[in-house]
Amino acid sequence: QVLPVETGGGLVQAGGSLRLSCAASGRTLWNLFMGWFRQAPGKEREFVAVVSWRGGLTRYADSVKGRFTISKDNAKNTVYLEMNNLKPEDTAVYCCAVGSGRWAAPDFGSWGQGTQVTVSS
């Protein structure tokens, strides 16, 4: 089982930047995907971005395209989410998850505890 652990959340002013990290331990990740999700108070969890360990394919939610960048470091088994031009509506708990199966619709089965991101206006 792959266990993801997130770090890097915090408080930032609107227009600022943060970088989240997700370190994954466990079995080989080569056939897996790593995704970021977020959940704001009173709202459902929503997809943010995903990257494939093999090939480095990426996909983003429309709400973060052009502002967020997902990347990976194979040597460190770590995925990053670089968040720029942050907006108050980006405030949420951000979770990292490990996915498998089809790239078009990964099955995310292992979740981290999450890290809080708060963007002040």
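User: Are C22 and C96 buried or exposed?

Analyst: A residue is called buried when its relative accessible area is under 20%, exposed when it is over 50%, and partly exposed in between, with a 1.4 Å probe and protein chains only. Both C22 and C96 are buried by that rule. This is a predicted model, in which local features need pLDDT of at least 70 and side-chain atom pairs count only at pLDDT 80 or more, while totals for chains, interfaces and linings use all residues. Residues are numbered from 1 along each chain as its sequence is written, and side-chain values use heavy atoms, with hydrogens and water left out.

User: How many disulfides does the structure hold, and which residues does a disulfide join?

Analyst: A disulfide is a covalent bond between the sulfur atoms of two cysteines, and here a pair of cysteine sulfur atoms within 2.5 Å is counted as one. The structure holds one disulfide, and it joins C22 to C96 with an S to S distance of 2.1 Å. The torsion about this S-S bond is about -80 degrees, so the disulfide is left-handed. As C22 belongs to strand β3 and C96 to strand β9, the pair ties together parts that are 74 residues apart in sequence. C95, on the other hand, is in no disulfide, and the nearest cysteine sulfur, that of C96, is 8.7 Å away from it. C95 counts as buried, at 14% relative accessibility.

User: You named strands there, so what do those labels rest on?

Analyst: The strands are DSSP runs of type E with at least two residues, helices are runs of H or I with at least four residues, and the numbering starts from the N terminus.

User: Which strand is joined to β1, and how many bridges join them?

Analyst: Two strands pair if DSSP finds at least two bridges between them. Five bridges join β1 to strand β3, residues 18–25, and the two run antiparallel. Within this pairing, P4 stands opposite A24 in β3. Strand β1, residues 3–7, also has two faces, a covered one with P4 and E6 and an uncovered one with L3, V5 and T7.

User: How many salt bridges does the count come to?

Analyst: Side chains of opposite charge can pair when their charged atoms come close, and the rule used here asks for a side-chain nitrogen of Lys or Arg within 4 Å of a carboxyl oxygen of Asp or Glu. By this rule the count comes to four salt bridges. In one of them D90 pairs with R38, the closest N and O atoms being 2.9 Å apart. D90 lies in the loop between β8 (78–83) and β9 (92–102) and R38 in strand β4 (residues 33–39), so this pair ties together parts that are 52 residues apart in sequence. Both D90 and R38 are buried.

User: With which residue does R67 form a salt bridge?

Analyst: R67 forms a salt bridge with D90, and the closest N and O atoms are 2.7 Å apart. R67 sits in the loop between β6 (58–60) and β7 (68–73), whereas D90 is in the loop between β8 and β9, so the pair ties together parts that are 23 residues apart in sequence. R67 is buried, with a relative accessible area of 8%, and D90 is buried as well, with a value of 1%. R38, E46, R67 and D90 are linked in a network of salt bridges. K65 forms a salt bridge with D62, their closest N and O atoms being 3.2 Å apart, and D62 counts as exposed at 63% relative accessibility.

User: Which residues does Q116 touch?

Analyst: Contact means heavy atoms within 4.5 Å. Leaving aside residues up to four places away in sequence, Q116 touches G9, G10, T91, A92 and V93. Q116 and V93 are 23 residues apart in sequence, yet they are 4.4 Å apart in space, C-alpha to C-alpha. Q116 lies in strand β11, residues 115–120, and is partly exposed, with a relative accessible area of 39%.

User: What is the phi of N77?

Analyst: N77 has a positive phi of about 50 degrees, although it is not a glycine. N77 is placed in the loop between β7 and β8 and counts as partly exposed at 28% relative accessibility. N85 likewise has a positive phi of about 50 degrees without being a glycine; N85 is found in the loop between β8 and β9 and is partly exposed, with a relative accessible area of 43%.
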